[in-house]
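Please read these points with the structure open beside them. They are meant for someone who has not seen it before.

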Number of protein chains: 2
Amino acid sequence: MDYRYGGSRRGVTAVTAEDVPASERILHAAIGLYGEHGFDGVTLKQIAEQAGVSTPLILHHFGSKAGLRVACDRHVAEEFQRTKTESVRQATPIPRNRFVELMQQNRHLVKYLLRAFLAGGPEMDELFDRLVEDSLRYMAEAEAIGLMYPSRNRRDRAVILLLSSFGMLLLHEQVRRQFGASIIDDPPENLLPYVAALIELYTQPVFNAELYEQLMNQATPPSTSAEERGTHD
Amino acid sequence: MDYRYGGSRRGVTAVTAEDVPASERILHAAIGLYGEHGFDGVTLKQIAEQAGVSTPLILHHFGSKAGLRVACDRHVAEEFQRTKTESVRQATPIPRNRFVELMQQNRHLVKYLLRAFLAGGPEMDELFDRLVEDSLRYMAEAEAIGLMYPSRNRRDRAVILLLSSFGMLLLHEQVRRQFGASIIDDPPENLLPYVAALIELYTQPVFNAELYEQLMNQATPPSTSAEERGTHD
DNA sequence: CGAGCCACTGAACGCCCGTTCAGCCCTCGA
DNA sequence: TCGAGGGCTGAACGGGCGTTCAGTGGCTCG
């Protein structure tokens with residue numbers, strides 16, 4: 001449970017064992033605890049303990065508990081962006097395993113992000129929009145090489161896929177119960193059944209499109225909204 | 001939609017039409033508030049106000065706040081089961097629109113359920129397992145009439161589909177931002193773009209299966225990952 | 001008519017939360 | 001050498017929380 005790392009150089013004086021500035025330690029501890037127990041389940045005292053400082057110091061640096069929360073949002077958003085651009089810079093087009101690996105490596109960020117998406121807020125909305133744009137770009141590449149099929153509406157599909165992934169992550173506790181391995185905490189090789197089911201979902205249709213449409217058309221209860229679908233030209 | 005039955009003044013002669021017992025009113029208020037604001041965001045005082053009773057009465061009936069929580073879980077699980085069996089008894093095989101309608105009609109239950117799934121707990125785990133079994137039965141019917149394609153592992157697919165749906169519901173705030181309509185609060189006709197994207201996801205493959213497998217097989221080495229981009233073999 | 005029970009309440013209690021305050025220690029510039 | 005100032009702390013405070021207590025009033029029953 002200790003967030004003491006010993007590598008960073010800052011403040012050369014050998015006064016303390018950990019040379020990481022307190023404000024950074026606080027941020028780190030807060031993000032970890034918030035991600036683990038939710039925003040309403042963590043007190044300043046716990047954060048202070050985890051960071052090895054006193055409670056008032058948190059207020060000294062961040063003004064209030066709400067201020068700390070905002071700082072966490074910002075920090076996570078920045079760190080996320082940084083990690084992403086770094087990985088993009090060094091990676092081949094879109095290695096999916098690498099993505100999982102990266103996600104697990106930054107699981108404290110991921111866990112925080114999930115909570116934050118649930119809670120909402122301008123910082124996270126903006127981040128989500130950026131994620132959508134990124135996805136669109138990746139998916140365009142995938143479509144270009146024939147890995148992904150075209151969609152009637154690319155953006156909507158990207159949003160759906162993103163939301164579906166995030167939702168699955170949010171419910172990772174149930175995933176763990178059902179598949180016997182955690183998406184966030186287990187090594188990928190334990191997740192094979194889960195991944196297999198996902199791949200099937202994304203590579204094979206689930207419903208028979210014609211029959212589905214047929215059933216829908218034959219049983220449209222709302223009186224006025226029973227438009228026929230001449231959408232496909 | 002307030003849960004304030006009866007008059008502001010209790011004790012006065014029958015201001016209320018229906019004479020709902022206080023313990024039920026408390027349960028109802030608690031479920032509504034928990035669903036709306038989360039388990040950590042609601043106080044006994046708020047619940048008592050909403051139910052039109054005093055705070056200690058809640059303790060009198062449910063022992064403690066935790067006891068109330070358990071009672072809520074149980075009540076929701078039962079009500080859910082009841083609604084489901086009722087709808088099954090009277091419905092044709094599986095009208096999807098009717099399902100959405102039913103969900104919106106019981107949105108306070110749904111909102112509570114989502115929170116509860118996130119929080120976990122034995123009651124909800126059990127309920128989830130039951131949902132999986134139900135889904136399996138429905139999907140077997142759908143498969144029998146050719147609406148659904150067979151799966152390599154039916155149970156895993158059912159779990160994935162359930163989790164995906166719940167996850168989407170959990171993130172309905174983001175869905176609303178992206179599609180302009182709330183899954184839970186908007187009438188179905190406002191959700192057409194969202195539903196269209198969902199239908200596409202479930203009726204058309206997203207990835208090219210062969211190419212995907214091919215890419216996976218060619219880039220599986222876990223340690224020797226510094227591959228150049230010589231994609232064509 | 002009392003006794004006992006049950007639903008129900010106002011007041012009070014103890015705890016812990018976020019926050020404030022006064023002051024300590026260390027560094028640094030004059 | 002001294003004063004200023006920032007990082008940091010222990011102690012204390014007000015408030016809101018869940019919970020407890022000591023009832024009160026209306027029923028039912030002997």
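Predicted model: local features only at pLDDT ≥ 70, side-chain atom pairs only at ≥ 80, totals over all residues.

1. DNA strand D is surrounded by 15 residues, and the closest are Ser54(A), His61(A), Thr43(B), Leu44(B) and Lys65(B).

2. An N or O atom of the Lys65(B) side chain is 2.7 Å from one, and for the side chain of His61(A) the distance is 3.0 Å. A polar side-chain atom of His60(A) lies 3.4 Å from a phosphate oxygen.

3. Helix H3 (55–62) of chain A and helix H3 (55–62) of chain B each supply at least two residues of the surface near DNA strand D. H3(A) gives the most, with 4 residues. By type, this surface has 8 nonpolar, 6 polar and 1 charged residues.

4. Over all chains there are 16 aromatic pairs. Phe117(B) and Phe166(B) have ring centres 4.9 Å apart and planes at 65°, so this pair is edge-to-face. The two residues are 49 apart in the chain, Phe117(B) in helix H6 and Phe166(B) in helix H8. Phe117(B) is buried at 3% relative accessible area, and Phe166(B) is buried at 11%.

5. Phe207(B) and Tyr212(B) form a tilted pair, 5.7 Å centre to centre with 45° between the planes. Phe207(B) is buried at 13%, as is Tyr212(B) at 11%.

6. In chain A, ring pairs join Tyr34(A), Phe39(A) and Tyr112(A) into a cluster. The charged end of Arg69(A) sits over the ring of Phe39(A), 3.6 Å from its centre. In chain B, the charged end of Arg69(B) sits over the ring of Phe39(B), 3.6 Å from its centre.

Technical notes:
Residues numbered from 1 in each chain as written. Chains lettered and ligands numbered in written order. Heavy atoms only, no water. Near = heavy atom within 4 Å. Polar contact = N/O pair within 3.5 Å; in protein donor to acceptor, adjacent residues only side chain to side chain. Nonpolar A, V, L, I, M, F, W, Y, C, P; charged D, E, K, R; others polar. Phe/Tyr/Trp six-rings, centres within 6.5 Å; stacked < 30°, edge-to-face > 60°. Buried < 20%, exposed > 50% of the residue type's maximum accessible area, 1.4 Å probe, protein only. Lys NZ or Arg CZ within 6 Å of the ring centre and 35° of its normal.
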